[in-house]
Amino acid sequence: MNDIDTDEATLILRGVLALARRMRTERPEDSMSPASVALLGALYRLGPVPAVQLASELHLQPQSLTRLLDALEHNGLIARRPGAHDRRERVITLTRRGRAAFMADMRDRRHWLKTAMAAALTGRERAALAEAAQAMLKLAKHGAAAPGSETAGSPTRRRALEDAA
């Protein structure tokens, strides 16, 4: 191992990417796309929100969000309605069917992760991982900026998010 392999940031990045790849391969064939899960998850956490706020939360350009919303609405997973104070504003709501689909998808993912953690990690490692997850969530929110701003992520990252939509 060289110095770059033992750098903290590199180790964390390798771990996060490897686990993300593994979790993608463990997804059931009929599961939703990562972009759909992210959007439904945001609605689950935030409740009904204006489309502009949702785009900001997901770091998506409005046109990418529109394509994703169209597909989810077509499948009955979300609903759009005019805003209470501005009829031009569109408020996005998670439907009962959308909530059920999100919960089922998350249940399947959690099941795989819990099973793998129980088989591969000690109790101490599981506790350390849970603590690290809190730190990673904090880090993920650090310095977040609106989509389209110079600090909203690299152009490659923005394109990947848009392509996923």
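**Entry 1: contacts along the chain**

I looked up how far apart in sequence the contacting residues are. Among contacts between residues at least 6 apart in sequence, 54% join residues at least 24 apart. I note here that the model is predicted. The chain has 165 residues, and 24% of them count as buried.

**Entry 2: order of the elements**

I went through the helices and strands next. The chain contains 8 helices and 3 strands. Starting at the N terminus, I read the order as α-α-α-β-α-α-β-β-α-α-α.

**Entry 3: α3 and α4**

I then turned to a pair of helices. Helix α3 covers residues 34–46 and helix α4 covers residues 51–58; their axes come within 10 Å and cross at roughly 115 degrees. I recorded the crossing of α3 past α4 as right-handed. On the α3 side, the residues that meet α4 are Ala38, Leu39, Ala42, Leu43, Arg45 and Leu46. On the α4 side, I listed Gln53, Leu54, Glu57 and Leu58. Sorted by class, this contact has 7 nonpolar, 1 polar and 2 charged residues.

**Entry 4: the aromatic pair**

How many aromatic pairs does the structure hold? I found 1. The partners are Tyr44 and Phe102, with 5.3 Å from centre to centre and 40 degrees between the planes, and the pair is tilted. Tyr44 belongs to helix α3 and Phe102 to helix α6 (residues 96–120), so the pair ties together parts that are 58 residues apart in sequence.

I checked the accessibility of both partners. Tyr44 has 37% relative accessibility and therefore counts as partly exposed. Phe102 has 8%, so this residue counts as buried.

**Entry 5: Asp105**

I stayed in helix α6, where Asp105 also sits. Is Asp105 buried or exposed? Its relative accessible area is 7%, so I put it down as buried, the cut-off for buried being under 20%. Leaving out residues up to four places away in sequence, Asp105 touches Ser31, Met32 and Val37.

**Entry 6: His59**

I looked at a backbone angle here. His59 is not a glycine, yet its phi is positive, at about 55 degrees. I located His59 in the loop between α4 and α5 (62–74). With a relative accessible area of 26%, His59 is partly exposed.

**Entry 7: Arg80**

I moved on to strand β2 (residues 78–82), which contains Arg80. At 22% relative accessibility, Arg80 counts as partly exposed, because buried would mean under 20%. Which residues is Arg80 in contact with, leaving aside neighbours within four places in sequence? I listed Thr66, Leu69, Asp70, Glu73, Arg90, Val91 and Ile92. The C-alpha atoms of Arg80 and Leu69 are separated by 8.7 Å, and the two residues are 11 apart along the chain.

**Entry 8: the span of α7**

My last check was on the span of a helix. Helix α7 (residues 123–141) has 19 residues, which at 1.5 Å a residue should span 27 Å. The expected span uses one less than the number of residues. I read 28 Å between the end C-alpha atoms of α7, which agrees. After α7 comes Gly143, and its phi is positive, near 70 degrees.

Terms used:
Residues are numbered from 1 along each chain as its sequence is written. This is a predicted model: local features need pLDDT of at least 70, side-chain atom pairs count only at pLDDT 80 or more; totals for chains, interfaces and linings use all residues. Side-chain values use heavy atoms; hydrogens and water are left out. Axes are lines fitted to C-alpha atoms, for helices over the stretch in contact, and angles run from 0 to 180 degrees between N-to-C directions. Helices (H or I, at least four residues) and strands (E, at least two) are DSSP runs, numbered from the N terminus. A crossing is left-handed if the near helix is turned anticlockwise from the far one by less than a right angle, and right-handed if clockwise. Contact means heavy atoms within 4.5 Å. Ala, Val, Leu, Ile, Met, Phe, Trp, Tyr, Cys and Pro count as nonpolar, Asp, Glu, Lys and Arg as charged, and the others, Gly among them, as polar. Rings of Phe, Tyr and Trp (its six-membered ring) pair if their centres lie within 6.5 Å; planes under 30 degrees apart count as stacked, over 60 as edge-to-face and the rest as tilted. Buried means under 20% relative accessible area, exposed over 50%, partly exposed in between (1.4 Å probe, protein chains only).
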